[in-house]
Amino acid sequence: MTDERMIISPDTRRENRVPPGQRLTEGWPILHEGQVPLWEESDWTLRIFGLVEKNMTLDFKEFMSLPRVEVFSDIHCVTGWSKLDNTWEGVSSGAIKDVVKILPEAKFVTVHCYGEYTTNLTIEDFFGEDVLFALRHNGEPVSPERGHPVRLIVPRLYLWKSAKWVDGLEFMARDKPGFWETRGYHNRGDPWKEERYSK
Ligand SMILES: Nc1nc2c(c(=O)[nH]1)N[C@H]1C(S)=C(S)[C@@H](COP(=O)(O)O)O[C@H]1N2
Ligand SMILES: [Mo]
């Protein structure tokens with residue numbers, strides 16, 4: 001894939017790429033609740049349900065046959081570290097629109113993961129041009145700890161919105177705060193506004 005087709009996350013074009021209250025890290029901590037699930041690719045499915053014309057389940061092969069994109073982004077963790085210059089390869093969130101018809105009443109998405117983790121996004125945030133289901137990071141496959149087989153990446157929001165081990169997308173008319181959003185994290189999580197915690 002050539003660089004011309006790479007989607008550049010707009011925040012990487014800022015003169016100062018480090019949001020307020022963040023510091024740069026070269027390393028990359030691994031953070032999540034619970035155990036790393038062990039998948040068999042043949043067992044994995046992505047359920048797409050809620051306010052869609054017809055509920056749909058994609059198996060691994062079907063998901064892997066969706067068109068690929070590359071995204072260049074920074075990542076920002078609410079705990080205070082940021083990591084610049086990440087290259088992701090995977091399936092654009094927008095590809096989902098070619099798989100199912102999303103009803104116009106759908107204004108929010110709950111991203112479901114293996115285990116009890118969920119996170120909520122507005123339709124606009126979920127379909128941001130730089131949002132993707134990542135399969136590779138900086139040329140390497142996404143590892144089990146990082147969310148294999150499918151890791152959502154939402155570059156413009158804090159990293160807790162970038163759900164690992166995604167197995168469902170639920171389209172909804174009303175917002176439903178997710179795992180961290182019901183435990184004191186901000187509902188949206190814009191790092192440039194320091195939307196870390198809810199008051
Ligand atoms: N399924 C799932 N995804 C998750 C989490 C989790 O607990 N479960 N934790 C989130 C949080 S709070 C953070 S900070 C990032 C950490 O991603 P990393 O381990 O790749 O740094 O994953 C996010 N995605
Ligand atoms: Mo986190």
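Which residues have the most contacts inside the largest nonpolar core? They are F63, F133, L169 and F171, in a core of 40 residues. A nonpolar core here is a set of buried Ala, Val, Leu, Ile, Met, Phe, Trp, Tyr and Cys residues joined through side-chain atoms within 4.5 Å. Buried means under 20% relative accessible area, exposed over 50%, partly exposed in between (1.4 Å probe, protein chains only).

This is a predicted model: local features need pLDDT of at least 70, side-chain atom pairs count only at pLDDT 80 or more, and totals for chains, interfaces and linings use all residues. Side-chain values use heavy atoms, without hydrogens and water, and residues are numbered from 1 along each chain as its sequence is written.

The elements that give it two or more residues are β3 (45-50), α1 (60-64), β7, α2 (123-126), β9 (132-137) and β12 (166-172). Helices (H or I, at least four residues) and strands (E, at least two) are DSSP runs, numbered from the N terminus. Another core, of 12 residues, lies apart; V71, I75, W88 and A134 are among them.

Now the sheet. It is open and mixed, with 5 strands in the order β4-β3-β12-β7-β8. Strands pair if DSSP finds at least two bridges between them. β4 (56-59) and β8 (118-122) stand at the edges with a single partner strand each, so one side of each has no neighbour in the sheet. Strand β7 (residues 108-113) runs antiparallel to β8, joined by 5 bridges. There, T110 stands opposite N120 in β8.

Last, the cysteines. The disulfide count is 0, with a disulfide taken as a pair of cysteine sulfur atoms within 2.5 Å. C77 counts as buried at 7% relative accessibility. C113 is buried too, with a relative accessible area of 5%.

How values were computed. Chains lettered and ligands numbered in written order.
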